[in-house]
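Student: I have a new model on my screen, and I would like to learn to read it feature by feature. Could you guide me?

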Amino acid sequence: PMYQPPINHTPSSIKTLGILNLVFAGLGVLGLLFTYAMYFGGLKLGGRNPVVEMAHATPTFMTYLKVSLVLGAVALVVLGASGFGLIGMKQWARKVAMGYAIYAIAAAIIGLILTWTLILSPLLDLPARGAERAGVWGGAIGGMWGGIIGLVYPLVLLSFMRKRNVVEAFAQVDSRPPA
């Protein structure tokens, strides 16, 4: 291998991802609060919501939703902590960010599968006409795309935390003598 000079600066991706972790943790808290309010607090955004109705009629999904809200809250605390740690170039933060990303990818895939099989697919099988049918299909398509888009950031985070220059930057921080 050719000689690689030591990294003399922190890759900007580390600070950027640290900030994004904080932003997404904050947005995630809002999402959790609205999800809780819609499914457990009686929040109604407009008229009848067939997805919420189907969820309430499906005990397995409601159990999944309760568990995912608790795990999601823990994951958001972990994401926020890793954000602060990444900004401060703490080695643990890189590992925590990767752990969060792996969890978030798995949770998103499980969420997509359960939402499709327990809620959206049965909704699409119900008799409906015209605008109601279009609304159910629109909600199903939007929900699935939302879940798929939710995979993007954890995949990006995991990818960047494994990049050579990021690994080397944290290794260099760890090898510095204490001040």
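Predicted model: local features only at pLDDT ≥ 70, side-chain atom pairs only at ≥ 80, totals over all residues.

Student: Is Ser13 buried or exposed?

Tutor: The way to read this is to compare the relative accessible area with a cut-off: under 20% is buried and over 50% is exposed. Ser13 has 17% relative accessibility, so it counts as buried.

Student: Which residues does Ser13 touch, leaving out those up to four places away in sequence?

Tutor: Ser13 touches Phe160 and Val166.

Student: And where is Pro11 placed?

Tutor: Pro11 is in the segment before H1. It is buried too, because its relative accessibility is 6%. Leaving aside residues up to four places away in sequence, Pro11 touches Asn165, Val166 and Ala169.

Student: How far apart are Pro11 and Phe170, in sequence and in space?

Tutor: They are 159 residues apart in sequence, yet their C-alpha atoms are 9.9 Å apart in space.

Student: Let me step back to the whole chain. How many helices and strands does the protein chain have?

Tutor: There are seven helices and zero strands. Read from the N terminus, the order of elements is α-α-α-α-α-α-α.

Student: What share of the residues counts as buried?

Tutor: Of the 179 residues in the protein chain, 32% are buried. The accessible surface comes to about 10,800 Å², and carbon and sulfur atoms account for 71% of that area.

Student: How do I read the contacts along the chain, and what share joins residues at least 24 apart?

Tutor: Start from the contacts between residues at least 6 apart in sequence; in the protein chain, 76% of these join residues at least 24 apart.

Student: Which residues of helix H6 are buried?

Tutor: In H6 (residues 152–161), the buried ones are Tyr153, Pro154, Leu157, Leu158 and Met161. Looking down the helix axis, you find them within an arc of 130°, so they line one face of H6.

Student: Now the rings. How many aromatic pairs are there?

Tutor: The count is three aromatic pairs. One of them joins Phe24 and Tyr153: the ring centres are 4.5 Å apart and the planes meet at 50°, so this pair is tilted. It links distant parts of the chain, with Phe24 in helix H1 (residues 12–40) and Tyr153 in helix H6, 129 residues apart. Phe24 is partly exposed at 33% relative accessibility, whereas Tyr153 is buried at 12%.

Student: How are the rings of Phe61 and Tyr64 placed?

Tutor: Phe61 and Tyr64 form a tilted pair, 5.5 Å from centre to centre and with 50° between the planes. They are three residues apart in helix H3, which means about one helical turn separates them. Phe61 is buried, with a relative accessible area of 6%.

Student: What should I look for among charged side chains?

Tutor: The general idea is that side chains of opposite charge can pair when their charged atoms come close. Here the count is one salt bridge. The side chains of Arg164 and Glu168 form a salt bridge, at 2.9 Å from N to O.

Student: In which helix do Arg164 and Glu168 lie?

Tutor: Both lie in helix H7 (residues 164–175), four residues apart, or about one turn of the helix. Arg164 counts as exposed, with 54% relative accessibility, while Glu168 is partly exposed at 31%.

Definitions and conventions. Residues numbered from 1 in each chain as written. Heavy atoms only, no water. Buried < 20%, exposed > 50% of the residue type's maximum accessible area, 1.4 Å probe, protein only. Helix = DSSP H or I, 4+ residues; strand = E, 2+ residues; numbered from the N terminus. Arc of directions from axis to C-beta. Contact = heavy atoms within 4.5 Å. Areas by Shrake-Rupley, 256 points an atom, 1.4 Å probe, with all protein chains shown as cover. Salt bridge = Lys/Arg side-chain N within 4 Å of Asp/Glu carboxyl O. Phe/Tyr/Trp six-rings, centres within 6.5 Å; stacked < 30°, edge-to-face > 60°.
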